[in-house]
Amino acid sequence: MRQGELEVLSLNTDSREFLNRISLLIDENMSDDTYWVDDLSFDMNTSRSTFFRKLKKLTGHAPKDYMKNIRLLRAGELLEKGQLRIAEVSYQVGFSDPNYFSKCFRRFYGTSPSDYSMLSSAS
């Protein structure tokens with residue numbers, strides 16, 4: 001079990017449902033590069049400011065960063081499978097610019113997507 005999963009288990013039922021709904025909505029719209037915080041707060045039936053406050057309190061991350069991190073985690077999973085090129089992975093996780101995706105990926109994982117993919121396939 002990952003650290004984030006442990007933290008979610010310690011939350012009350014309403015907070016857990018809130019985060020689960022967010023995860024579901026992000027997953028459903030993963031490849032849509034235009035789906036960001038305003039869309040997510042609308043789909044959660046809450047104002048942007050209330051959504052920001054609640055998500056920041058529960059996760060410690062601003063909604064934009066939280067969404068980007070989820071997308072990058074999914075990108076890591078896809079790269080580990082080794083079935084897609086890096087540009088294809090970037091589009092599948094909602095980045096319209098593979099160069100920007102690579103920059104964000106490197107910042108998040110500490111290595112380039114191509115090195116990450118090679119290390120994953122070597123294991």
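Predicted model: local features only at pLDDT ≥ 70, side-chain atom pairs only at ≥ 80, totals over all residues.
Residues are numbered from 1 along each chain as its sequence is written. Local features need pLDDT of at least 70 and side-chain atom pairs pLDDT 80 or more, while totals for chains, interfaces and linings use all residues, and side-chain values use heavy atoms, without hydrogens and water.

The chain has a mean pLDDT (the predictor's confidence in each residue, from 0 to 100) of 90, and 90% of its residues reach 70 or more.

Aromatic rings of Phe, Tyr and Trp (its six-membered ring) pair if their centres lie within 6.5 Å; planes under 30 degrees apart count as stacked, over 60 as edge-to-face and the rest as tilted. The count comes to 8 aromatic pairs.

Phe 105 and Tyr 116 are both buried (under 20% relative accessible area; exposed is over 50%, partly exposed in between, with a 1.4 Å probe and protein chains only). Phe 108 is partly exposed at 31%, as is Tyr 109 at 26%.

A charge sits over a ring if NZ of Lys or CZ of Arg is within 6 Å of the ring centre and within 35 degrees of the ring normal. Lys 54 is placed in this way over Phe 18, 4.4 Å from the ring centre, and Arg 71 over Trp 36, at 4.4 Å.

Ser 41 is buried, with a relative accessible area of 4%. Ser 41 touches (heavy atoms within 4.5 Å) Thr 46, Ser 47, Arg 48 and Phe 51, not counting residues up to four places away in sequence.
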